[in-house]
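My notes are below, in the order in which I looked things up.

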Amino acid sequence: NISNMHVPRTVLARTVLALAAAAFAVLYTTLEAPASCPHDPPESCFFSEAYAPARARFREAAALAGATLHQLNITADLTIDVAVIPANAATPPTLVHMSGTHGVEAHAGSAVQLALLKRWADAPADAPSSRGVRVVLVHAVNPHGFHCGRRWNEQGVDLNRNLLSEREFAALSEGGSERAALYDEHEWLWNMDQAWTPLFDDARFALRAVYAICLLGMGKVKRALVSGQYHAASSLFYGGSSLAPSHALLLPLLQREAAPASAGILIDVHTGLGPRGVDSLLPPLNDGAAQASHLAATHSIFGEGEGEGVLGADFLIDDPAEADSGAQLPSTS
């Protein structure tokens with residue numbers, strides 16, 4: 001009878017202490033990368049399994065690198081953390097590096113930020129601030145998506161399609177627009193009306209995708225997929241009707257901490273596009289002289305790139321005429 005068992009206090013105390021020590025050990029190993037990474041390649045130890053340990057590791061790494069840390073609360077438990085490493089100049093050139101705009105993709109961007117902070121903490125002379133460059137690292141733009149393994153935020157909004165002005169939101173929210181019509185023409189392909197059944201629905205989606213591409217054309221399917229939509233809040237790729245909380249909180253902080261600047265580069269880390277295991281740099285895509293200027297500036301900073309990885313510009317732009325032209329965007333690695 002367990003209720004009648006007598007447990008000496010010393011034994012009980014030792015048991016509690018042992019459990020506490022074990023819990024601390026587990027927590028410590030979760031938050032700290034091992035001194036010698038057991039994985040191959042060792043860079044994989046910068047990846048975190050979940051949002052909470054990734055945030056804790058980012059905060060600790062930022063402190064060790066001498067950064068000023070800012071916290072933006074989306075909820076009581078979910079935050080965007082911003083590490084600022086200043087430069088000794090009035091208007092320094094500035095790098096803004098963002099992770100987790102699409103929450104489920106945050107693991108990669110968070111790992112990059114941890115690796116950078118560790119490198120700069122271990123070798124301060126190599127840090128950008130030693131060369132007069134200010135660095136702003138934005139960790140988990142979409143903390144809800146990171147925590148829940150979702151692309152969208154807590155409102156079902158795709159943040160990568162949400163950074164617009166009120167005028168742009170008003171224009172795009174009209175259901176009769178060409179963008180809305182294009183999306184509605186394809187929505188049967190990706191808006192599921194029932195729970196997903198593995199294998200069966202995998203096969204069904206593949207068949208439907210092939211059918212849609214053959215019937216409507218790859219260009220139209222791509223544009224409907226990546227352009228986003230602003231008229232159906234309960235459907236996929238919804239960009240919202242106003243600035244999401246993440247952007248509403250982040251923009252004033254960036255205006256304060258990343259400006260003024262003599263020059264600026266913003267890198268927003270995503271995954272899933274481009275050759276496997278290769279960093280593909282996608283500069284802004286515009287028409288005419290603006291695009292040529294962006295490409296020239298990108299190559300002057302990052303080089304011409306190597307290998308055969310080339311991404312079609314038609315995957316990323318909205319204009320049907322440009323999308324059908326098959327323009328190519330040189331990749332950089």
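The entries run from the whole chain to single residues.

**Entry 1: ground rules.** I am working with a predicted model, in which local features need pLDDT of at least 70, side-chain atom pairs count only at pLDDT 80 or more, and totals for chains, interfaces and linings use all residues. Residues are numbered from 1 along each chain as its sequence is written, and side-chain values use heavy atoms, with hydrogens and water left out.

**Entry 2: overall counts.** I looked up the secondary structure and found 11 helices and 7 strands. Here helices (H or I, at least four residues) and strands (E, at least two) are DSSP runs, numbered from the N terminus. The protein has 333 residues, and 36% of them count as buried. Buried means under 20% relative accessible area, exposed means over 50%, and partly exposed is in between (1.4 Å probe, protein chains only). I then took contacts, meaning heavy atoms within 4.5 Å. Among those between residues at least 6 apart in sequence, 70% join residues at least 24 apart.

**Entry 3: nonpolar cores.** I use the term for a set of buried Ala, Val, Leu, Ile, Met, Phe, Trp, Tyr and Cys residues joined through side-chain atoms within 4.5 Å. The largest nonpolar core has 18 residues, and the members that touch the most others are Val82, Val96, Val136, Val138 and Leu250. Two or more residues come from each of strand S2 (79-85), strand S3 (94-98), strand S4 (134-139) and helix H9 (245-257). There is a second, separate core of 16 residues, with Ala61, Ala62, Ala111 and Leu137 among them. I listed the contacts of Val138, leaving aside neighbours within four places in sequence: Ile80, Asp81, Val82, Val96, His97, Met98, Ser99, Gln113, Leu250 and Leu254.

**Entry 4: H6 against H7.** Helix H6 (residues 178-190) packs on helix H7 (residues 200-216) at an angle of about 155 degrees, and their axes are 9 Å apart. Axes are lines fitted to C-alpha atoms, for helices over the stretch in contact, and angles run from 0 to 180 degrees between N-to-C directions. H6 and H7 are therefore roughly antiparallel. For the wording, angles under 35 degrees count as roughly parallel, over 145 as roughly antiparallel, 65 to 115 as roughly perpendicular and the rest as oblique. H6 contributes Glu185, His186, Trp188 and Leu189 to the contact, and H7 contributes Phe205, Arg208, Ala209, Tyr211, Ala212 and Leu216. By class I have 7 nonpolar, 1 polar and 2 charged residues in the contact of H6 with H7. The classes are Ala, Val, Leu, Ile, Met, Phe, Trp, Tyr, Cys and Pro as nonpolar, Asp, Glu, Lys and Arg as charged, and the others, Gly among them, as polar.

**Entry 5: H6 against H8.** The axes of H6 and H8 cross at roughly 90 degrees and come within 9 Å, which makes H6 roughly perpendicular to H8. On the H6 side I find Leu182, Tyr183, Glu185, His186, Leu189 and Trp190, and on the H8 side Lys220, Val221, Arg223, Ala224 and Leu225. This contact of H6 with H8 has 7 nonpolar, 1 polar and 3 charged residues. Within H8, the buried residues include Val221, Lys222, Arg223, Ala224 and Val226. Gly228 follows H8 and has a positive phi near 80 degrees.

Entry 6: Which residues other than glycine have a positive phi? One is Phe237, near 65 degrees. Phe237 sits in the loop between helix H8 (218-226) and H9 and counts as buried at 11% relative accessibility. Ala140, not a glycine either, has a positive phi of about 65 degrees. Ala140 is in the loop between S4 and helix H4 (143-148) and is buried, with a relative accessible area of 0%. I also noted a cis peptide bond from Ala259 to Pro260, with omega near -5 degrees. Pro260 lies in the loop between H9 and strand S5 (264-268).

**Entry 7: Phe47.** Phe47 is in the loop between helix H1 (9-31) and helix H2 (51-64), and is partly exposed at a relative accessible area of 44%. Leaving aside neighbours within four places in sequence, Phe47 is in contact with Arg57, His107, Ala108 and Ala111.
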